[in-house]
Amino acid sequence: MKILMKEDFADFVNSLIKDDSWNVIGVKAKGTKFAFDPLESAGELRLDYDVTLLPPKKYFFPQRETLFTYSLATGRSSRNLVEAKQTVIIGVHPYDIVALFHMDEIFRETKSDPYYFEKRKASIIIGVNMQKMSKWCFAPLMGCAIVDYGYDLMLTDLGNRYAISVGSQKGGDLLAKYAKNITDALARDIQLVGQKKRDIVNMSQQKFDFPPEFIPELLKKTYEESDFWENHSEKCLACGSCVLVCPTCYCFDVKDHADLTLEHGERVRTWDGCLLEDFAKIASGENFRPTRPTRYRHRYFKKGKYLFDRFGFISCVGCGRCGSNCLPNIANPVDLFNDMYHETQSMGLVVTPAVNPEVNIQTEGNIDYVPRLASIVKKTQMTANETFFEIKLDDGTDIGHKPGQFVEISVFGIGEAPISLSSPPTKKGSFEICVRKLGNVTTKMHALEVGDRVGVRGPFGNGFDTEALKGKDLLFVAGGLGIAPLRSLFNFILDNRKDYGKVFLLYGCKEPRELLFGEELAALTTRNDVEFKPTVNWCPENEIWSGNIGVITTLIPQVAFDPEKTIAIVCGPPVMYKFVIADLKQRKVPDDHIIMSLERRMKCGVGKCGHCQINHVYVCKDGPVFNYSKAKGIPEAL
Amino acid sequence: MKDSNVNIEVNHVTRVEGHGNIYVNVKKGIVEKCEWNVPEAPRFFEAMVVGRQWNELHHITSRICGICSIGHTLASLKATEAAMGISISEQDLKLRKLALHAENLQSHLLHLGFLVLPDLLGVGSVIPLASSNPQEVKTVFRLHRTANEMSNLICGRTTHPQRLIPGGFSKIPSLRELSALKKKLQDCIPDLQAVAKLIKSLAGKLPDFTREQSSSA
Amino acid sequence: MKPRVAFFDFAGCEGDQLQVANLEEELLTLLGQVEVVSFREVMKEHSDNYDIAFIEGSCTRIQDEDRLKQIRKNAKIVVAIGSCATIGGINSLKNSRDSLEVRRTVYGENAKLFDTYAARPIDAVIPVDAYVHGCPIDKDEFLHVVKSLLLGKKPDIPNYPVCVECKKNENVCAFERGQNCVGPVTRAGCNSCCVNQGTICWGCRGLVDNPNENSHKEVLIKYGLTVDDAISKFKLYFGWQERKR
């Protein structure tokens, strides 16, 4: 531990500010509050602050960030990954340091975010032990009031001097280069620092009525208590304040913008929040978390259960920003968890500490947000609203996908949309997608012609496990546009017909003119190794239809299949799943013989932006293919 | 003008701020009709403010006009402050005067550059001027933008300025920002002189507004 | 072929049209993408042949409805610009009072000469294809809507409250400064410009799609307003939108 007199510390900071190669950020007063802002002189520092308006994550994951720029005409893009200028951030409290550690884990899980880490790499964190604590702060209860990792230097105010713990080589070097008159800490100094840290731990005005280790189990036990969630969220303004000021929140949205000449565009990511009304809304207008209670509940579950299960930490550091920013005062986690605890007690439930999960965070390379260039080689209008495209990557390679995966298609200047791959991987040289005209991107796609450029990212998602299906009988149940992703598997099966048992395809649409892949499906009737049954809900007078009339479930009794040997593969509109699964189970199909492909609002495709989350799973990464035995345990899934 | 016939019927006078129709009928030198109509829909501001809070009035009356909203806001604030005995500091008074200057600068440039110059150069609007006289148009835009930057700095926004509140300002510019503004305005002088020179050179095209006879009392 | 655009105004202050003129040099770039065929404030020429009509101002008289309907007939796309056109604006302040009394307050015995009815946004009279909210409009948002129309996509107008932008801009909340604000129920998209300037959000962009009005009125009361004052705050810009509920 080192000691630096306060005057020498000020000189240290001022010499950093004078050195143009450093960005110097520190905590300054902002009105009656505090904020991290660029420092012009050491005198501006307010290291005695209680909490800043926004956490320092804004320097690594900014409110708005250009991912790349591109030419609208060609799609050719340049990554906006500028080498970050070295930045020193002075005055980070321990809870915010812990939060940065959480963010590091989140941003490197599976695929690493280069934009975040570029800035993280170039920064030095000078922490400071808390002197004041806001009345909302409960960091001590979360074990985040003091920290012994994650900082390059850690300051403790000892009156006329700072005690400085050196946490890294970088920190030690910085101190050595820019500070003068550094002395070693005396025994008394070390003792004082220890005392101050002990005092801080007792400073909180908030109190849990139960041990915080209970939190994941408390949540699990109250998921279904709709009255509890309705009462607590009744006043919610869906203003997003709680999540936008949170040091561990990382959900983001991605949008395309063009300049006024319509020649250049940029893809920009901005902070988003799951409390906002349209967070889980897709182009069709369906909103998977449409009510205040569902959104309100999701935030607590994400922090206290889902992230705990995935990473082994409760992703809340007790900074108190959410509670202090909520105007109707419903966002304080301490109040909520205390109420939750008393609720479980009144219900007579036993709550235990959560078992630490097995955590295995791997990083397999960087996320690439920049799409590869491709062109449309074939365009077929199938129905009034659906167009079939064959697309070829510019570099001639295959997309290299598994059946059931999806791609993110960019229409330059408009945006990016997730579309299921509709062709099997056995089709080489190009891939096929079926696009329904719904939102901006899909509508513009319909107006494109053969030869026009698009961008492609992916393939994403887990896809179907074709190995596990070998030797089994397969019962495909497709509703409406659900046939498009199933076709990637179905045609793969046909290309490898001898590896699989009996194959049934049940396909239903609202009316005859909405049927997709008409010619291909008609050809199935000439095969004797596939049983194909179509149906329509109804047939208008001016159309001809000789097949079954009725919803898709009316076809199930018409098929003779052995539930023990058969795997059902289901895909269709959200409303369809419950009914199909009920009928399949009536036919004694075991839960783990039912496989579904689910849709949500996929944006980043790599399990980071948060939009596609169903409870704890990311549809873009852990799905879109789900086994029903697992999905039935995911309340938001069906 | 004796014995002459005149028929003027202009519906929605163009290139003015505000709305008006002009009807003039003169038969054989006798004025039969001379009307200035205001076709604009009345909005009843005097009634709208009744019952509202003292600290809302300036916000409402600003909306009387988007072009001179700084003027309307300041007039309203003067009335509110007089009624409630609120005094403002000398610094705020000076800043308010700067705000008025910014508004006048912007408005005069709009008038000269966008509304009058096309007439003097014989075209229907500033739009064809952008191709025929690009230098002059760019100069007008540059000056107009500086005037707007001035009111943005002093009052937050040219149209419906947020910073002007009862008792003074919700936010004031820093010394550094004001110094930069001063330099910017000083740097504008050559451009302003160029515009003045241009208008003067075209002054001959302005109609002769002198009357034949003075009106009787 | 550049799309032909026209500007019209009804009962308003012309501030939104001025904002278009305030585009400065960007106006020239804009003119590279569209052909302006009618803009009374700025040009002499007028044509009834236009693709996109930008309309400022509310409809406050029955006789103005015909003019609106004619514009709708002539245009392929109608865009309402400014609060008066999108939500009724400040004009709707008079709606909660008796019409004759309002006219008498201003014009005395001549009250009957001045025709008026409840001030309303233009979509109360004709279908509207796009909205540029705000009093006045934000220049960048206006350009965003224009670019979206040129690119054939639906403009991206937020459906979340101004608080989102205030928090991103790291503002000290108006309520923390002893003031009161309707940001929590007002549609964002202005980048919290008024709070950035040290004041409050007045609600000029209108309510979000599903505002929690009761909750916010309770918040206003909790922070010191009387019930009447809280209700009155909602009348400033939300007069027409609230009447529909």
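**Notebook: domains and contacts**

I looked up chain A first: its domain assignment gives domain 1 (2-63 + 73-201), domain 2 (212-346), domain 3 (371-460) and domain 4 (466-597). These bounds come from an automatic or database domain assignment.

I note that this is a predicted model, where local features need pLDDT of at least 70, side-chain atom pairs count only at pLDDT 80 or more, and totals for chains, interfaces and linings use all residues. Residues are numbered from 1 along each chain as its sequence is written, while chains are lettered from A and ligands numbered from 1 in the order in which they are written.

Next I took the pair of domain 1 and domain 2 of chain A. Over C-alpha atoms, their centres are 27 Å apart. I find 23 residues of domain 1 of chain A in contact with 20 residues of domain 2 of chain A (contact: C-beta atoms, placed from the backbone, within 7 Å). On the side of domain 1, 17 residues are nonpolar, three polar and three charged (nonpolar: Ala, Val, Leu, Ile, Met, Phe, Trp, Tyr, Cys and Pro; charged: Asp, Glu, Lys and Arg; polar: the others, Gly among them).

Last, I checked chain B against chain C: 40 residues from chain B and 42 residues from chain C make the contact. The largest share of the side of chain B comes from α6(B), with four residues (helices: DSSP runs of H or I, at least four residues, numbered from the N terminus). I count that side of chain B as 17 nonpolar, 15 polar and eight charged residues.

Notes: Contact = placed C-beta atoms within 7 Å. Helix = DSSP H or I, 4+ residues; strand = E, 2+ residues; numbered from the N terminus.
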